[in-house]
Amino acid sequence: LSESGVPQLVQPMIWDYAADLDVEGKVHLIEKYRRCGFSKVWFASAFKGATGVNQSLTLIGHHLKNHLQWLKVASNSPADVLEGIALTGWQRYDHFSVLCELLPVAIPSLAVCLQALENGGYSEKTKENVEKFLGMSNLETETFMR
């Protein structure tokens with residue numbers, strides 16, 4: 001792979017939407033990419049649409065945990081390796097499937113995930129900032145929003 005010249009032309013993107021993604025495994029994967037000559041990698045997470053083909057509401061806690069795991073991967077990797085994070089929001093699983101989790105119901109999840117990435121974690125203060133920004137009185141992350 002290194003002899004092909006591909007590492008000078010592209011940057012790999014590592015996709016994983018799991019709430020319990022394997023941090024150590026991702027760090028090892030990044031090391032393998034570095035040994036092959038890739039100087040930068042991207043991560044891909046999701047704020048909605050990655051938990052079930054017929055999901056209609058967004059479970060914020062699942063996506064928040066995924067982002068917190070990606071932050072651990074980033075902090076355990078060389079400082080200069082991460083080019084960015086693609087924060088995806090899938091609308092359907094394939095062209096023949098029904099729509100899942102429309103954007104309006106997922107906006108709180110998007111806000112929480114962006115704030116977690118911006119602040120390097122999630123805290124009560126982060127939660128309060130999201131509630132204030134969205135005009136919500138109680139942001140629920142472990143249950144479906146009412």
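These are my notebook entries on a predicted model, going from the overall fold to single residues.

**Ground rules**

I note that residues are numbered from 1 along each chain as its sequence is written, and that side-chain values use heavy atoms, with hydrogens and water left out. Since the model is predicted, local features need pLDDT of at least 70 and side-chain atom pairs count only at pLDDT 80 or more, whereas totals for chains, interfaces and linings use all residues.

**Overall fold**

I first looked up the secondary structure, taking helices (H or I, at least four residues) and strands (E, at least two) as DSSP runs numbered from the N terminus. The protein comes to four helices and three strands, and along the sequence I read the pattern β-α-β-α-β-α-α. Along the principal axes, the C-alpha atoms fill a box of roughly 55 × 40 × 20 Å.

For burial I used relative accessible area (buried under 20%, exposed over 50%, partly exposed in between, with a 1.4 Å probe and protein chains only). By that rule, 37% of the 146 residues count as buried. The accessible surface, from the Shrake-Rupley method with a 1.4 Å probe, comes to about 8,400 Å², of which 56% belongs to carbon and sulfur atoms. Taking a contact as heavy atoms within 4.5 Å, I find that 75% of the contacts between residues at least 6 apart in sequence join residues at least 24 apart.

**The sheet**

I then turned to strand pairing, which requires that DSSP finds at least two bridges between two strands.

Three bridges join S1 to S2, and here I found Ile 14 opposite Phe 43 in S2. Between strand S2 (residues 41-48) and S3 there are seven bridges, and Val 41 has Leu 82 in S3 as its bridge partner.

Asn 66, found in helix H2, is buried with a relative accessible area of 0%. Leaving out residues up to four places away in sequence, I list its contacts as Asp 16, Tyr 17, Ala 18, Ala 19, Leu 21, Ser 45 and Ala 46. Asp 20, by contrast, lies in the loop between S1 and H1 and counts as exposed at 63% relative accessibility. Its C-alpha atom is separated by 7.1 Å from that of Gln 69, 49 residues apart along the chain.

**Salt bridges**

With a salt bridge taken as a side-chain nitrogen of Lys or Arg within 4 Å of a carboxyl oxygen of Asp or Glu, the count comes to four. Among them is Arg 34 with Asp 80, whose closest N and O atoms are 3.4 Å apart. That pair links distant parts of the chain, with Arg 34 in helix H1 (residues 23-35) and Asp 80 in the loop between helix H2 (60-75) and strand S3 (82-89), 46 residues apart. Arg 34 is partly exposed at 30%, and Asp 80 is partly exposed at 43%.

Glu 142 pairs with Lys 65 at 3.5 Å between the closest N and O atoms. Glu 142 lies in the segment after helix H4 (124-134) and Lys 65 in helix H2, so the pair ties together parts 77 residues apart in sequence. Lys 127 and Glu 131 also form a salt bridge, with the closest N and O atoms 2.8 Å apart; being four residues apart in helix H4, they are separated by about one helical turn. Both Lys 127 and Glu 131 are buried.

**A nonpolar patch**

Lastly I looked at patches, which are made of residues with over 30% relative accessible area and no salt bridge, like charges being joined within 9 Å and nonpolar side chains (Val, Leu, Ile, Met, Phe, Trp, Tyr) within 5 Å. Leu 57, Leu 99, Leu 102, Val 105 and Phe 144 make a nonpolar surface patch of about 410 Å². Of these, I placed Val 105 in helix H3 (residues 103-119), where Val 105 counts as partly exposed at 36% relative accessibility.
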